Structures are given as C-alpha cells and as structure tokens.
Amino acid sequence: MATKTARAYTNIALIKYWGKKDKQLKIPYTNSLSLTLDKFYTDTKSEIIDSDKDQIYLNDELLDDAKSKRITNYLDFVRNYFGFDQHFLVKSVNHVPTSAGFASSASGFAALAASINQTMKLNLDNRSLSILARNGSGSASRSIYGGFVEWIAGTSNDTSYAVPIDEHPNIDLSLLSVVISQDTKKISSTSGMENSVKTSPFYDNWVTLVSSEINEIKQAIAQKDVQKIGELSEHNAMSMHALTLSANPSFTYFAPETIRVIQLVKSLRSQGVLAYVTIDAGPNVKIICTKESAEIVQKYIDDNLPAVTTVVANIGNGIQYI
Ligand code: DP6
C-alpha cells in the first residue's frame, strides 16, 4: 500500500504558550488554548530509505545539513524513542508563510509526527501523537486536533499533551490574517520565550494570568461568546508581548505596521465592529472577527494598508491522511 501524505493544519493560540519548565522535553509552564485554522497547512510524506542519513525536502528544495538539523535531530529523537534505526526521505510542503509568526513549526511537526506514525505503522492514538509532535515543537501538540484545543502542561513526557475542547464548534468566528512580512523572524520563539522566562520581572504574573484566562475562555467558548473570546485573546497576546518588552535586553516582534493594524482594529471597534487582535512571535496580526465583521475589517485594512496581504481563515480540522 502506498504511503499516504499526512496533512496538519496550523493553529493560532488564543491563550499562548510562552515559556518552558523543561527545555529538553518542551514541558511548558502553563496550559495554552488554540484554534486550528483551515487555510494554512503542511503536507508531509515520508518513506524509509537505505541510507544512514535522512534526506529532507521542504517545498521541493533538498535542505543542507544546517537547514535540516532541527528536523534530523527530531528524527533521531523519534528513532531513539521507539527503538528503530531506519532513516527517511521526507518531503514536506508548507502552505504556511514560514517563520513569520504563523507557527509553521506547529503544522510542520504535527504533519511530520503523523507521517512517521504512518510510515512506521506505529498506530499511535491522538494523545500519543500529540506527545510525539510536542517533542518537535510545543505548539505542534495542538495541531493534532481541529477546532478549539487545550494543551495540558503536565509535568513529564507522558502527561504533557493536547486535548480537544470542541473539534467542530458551531460558532460564528472567522480569523482575518494580516501578513505584514514573510521574512524569517530574527528571534525564534524558542529563544524568545527562554529570554522572557529568565529576565522578565513579570514572568510569575504571566503564569498566574494564564491559569485564570484559560478558565475564562473555556466558559466563553461554551457560551459561544465571540466578543469575550476576542477580549481575552487580545489581552493575553498583549501580555505575552509585554514579556518581550520587559525582558533584559528588551526585544519585540512588532513591526511598525503591526502597531498600525492594532490601531485600525481599535478604531473599528470604537465604531461597533467586532474585532480583536492576537499576535504570535512575529510581526503578523490575526484578527478575531465574526463572519460579517471579517469582511468589513478586511476592506478597512486593505484600504488603509495596501502593502499588506489579508486572508480570511475559518475553523480547521485535525490531522488527515490523504
Ligand atoms: C507565540 O511552539 O514555536 O506561537 O516549542 O520552542 O518550538 P517551541 O516553540 P513554538 O512556540 C509558539 C509560541 C507562540 C504561542 C503559541 O503558539 O502558543
């Protein structure tokens, strides 16, 4: 039987993961909660090769040793974890702007974990797949599921995994993604969060804040209260970015246009339009809207900032094999 392609969609954290208790195992300080999106995904196919080296293609380009290091290190981890020694030809196509705050590592490592699961006939259930994906990139643990997903921080490899909150929510929520830059970010999330944990005087407050915001957003999701979901998400994102500004030395992922988009969203909100921002470790902005407000917001951003690209995304599915 031909090996299937594993498809994983990216997710946007509404309550964010920002800091690891255990760097090696990627055990976070806090739970986090995300929404899986339908527009951005990674397709990955892997096959066993008769070689002692993995070959990794990303978007049809064979990666050199330096560029494939994070992936081959991960495959070394997977080999060691399951006790097999085969190497792989991996072909991965990203339908996500790479490394610009769209967490392509989330869909990337989720698709890779699912693909190895397929190729090696590991028959992992979703919980084990989430654990496997987490070892590649923390946010990837959540891309195993569709809809709203919570990553339970846990305290060990076996207890840190994502769980579905509502995989097919019947809720009027759209996400407008505003692509300001497709450039690779200068500070990876891995090192950005590490610097924040080590040097921001507010890190302890962040841990306390997240535990209450997770509970509040779960209530808002159950009540299908998009405005409340937006309010909590925006507040949580701004609090995360405050950890970068208060780090020593201080840094930020914001570009001038990022601030401009935040101002435009606030101005629309003052006119009664439902719109709230969230921002990951990059300059791009995602705007939480309803289906109706997404159109208004998209037109407003396009008119005021013609240089940026806007895409409306809806709620996406979990891992698929095609
Ligand atoms: C801001 O999952 O990319 O997107 O575990 O070090 O690979 P590593 O980090 P990563 O961090 C994502 C950070 C974030 C927030 C989130 O997705 O929860």
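**Ligand site, salt bridges and local backbone features**

In the predicted model, an oxygen atom of the ligand lies 2.7 Å from an N or O atom in the side chain of Lys20, a polar contact being defined as a pair of N or O atoms within 3.5 Å; within protein, one must be able to donate a hydrogen and the other to accept it, and residues adjacent in sequence count only if both atoms are side-chain atoms. Ser137 likewise places a polar side-chain atom 2.7 Å from an oxygen atom of the ligand, and for a polar side-chain atom of Thr190 the distance to a ligand oxygen atom is 2.7 Å. On its own the ligand has 460 Å² of accessible area, of which the protein covers 97%; accessible areas come from the Shrake-Rupley method with a 1.4 Å probe, and for residues only the protein chains shown count as cover. Because this is a predicted model, local features need pLDDT of at least 70 and side-chain atom pairs count only at pLDDT 80 or more, whereas totals for chains, interfaces and linings use all residues. Residues are numbered from 1 along each chain as its sequence is written, and side-chain values use heavy atoms, with hydrogens and water left out.

The shell around the ligand comprises 18 residues, of which Tyr17, Lys20, Ser137, Ser139 and Thr190 come nearest; a residue is near a molecule or strand if one of its heavy atoms lies within 4 Å of it. The shell divides into six nonpolar, six polar and six charged residues, where Ala, Val, Leu, Ile, Met, Phe, Trp, Tyr, Cys and Pro count as nonpolar, Asp, Glu, Lys and Arg as charged, and the others, Gly among them, as polar. Helix 4 (residues 189–199) gives the most to this shell, with three residues; helices (H or I, at least four residues) and strands (E, at least two) are DSSP runs, numbered from the N terminus. The ligand lies between domain 1 (6–169) and domain 2 (174–313), because both give residues to the shell around it. The domain bounds come from an automatic or database domain assignment.

Side chains of opposite charge can pair when their charged atoms come close. The structure holds eleven salt bridges, each defined as a side-chain nitrogen of Lys or Arg within 4 Å of a carboxyl oxygen of Asp or Glu. One of them joins the side chains of Asp280 and Lys16 at 2.6 Å, N to O. This pair links distant parts of the chain, 264 residues apart: Asp280 is in the loop between strand 11 (275–278) and strand 12 (285–289), and Lys16 is in the loop between strand 1 (6–15) and strand 2 (20–22). Asp280 is buried, with a relative accessible area of 11%, and Lys16 is buried at 1%; buried means under 20% relative accessible area, exposed over 50%, and partly exposed in between (1.4 Å probe, protein chains only).

A salt bridge also forms between the side chains of Lys218 and Glu150 (2.7 Å, N to O). It too links distant parts of the chain, with Lys218 in helix 5 (residues 203–222) and Glu150 in strand 8 (residues 148–152), 68 residues apart. Lys218 is partly exposed, with a relative accessible area of 30%, while Glu150 is buried at 3% relative accessibility.

Glu194 is partly exposed at 23% relative accessibility, and Lys198 is exposed at 61%. Salt bridges that share partners join Lys23, Glu194 and Lys198 into one network.

Further features concern loops and backbone geometry. Ser246 occupies the loop between helix 6 (226–245) and helix 7 (256–270) and is buried at 17% relative accessibility. A polar atom of the Ser246 side chain lies 2.6 Å from the backbone oxygen of Ala242.

Most residues other than glycine have a negative phi, and most peptide bonds are trans. Asp60, which is not a glycine, has a positive phi of about 70 degrees. Asp60 lies in the loop between strand 5 (55–58) and strand 6 (61–62) and is exposed at 71% relative accessibility. For Asn123, phi is near 55 degrees, also a positive value. Asn123 is located in the loop between helix 2 (104–119) and helix 3 (126–134), where it is exposed, with a relative accessible area of 71%.
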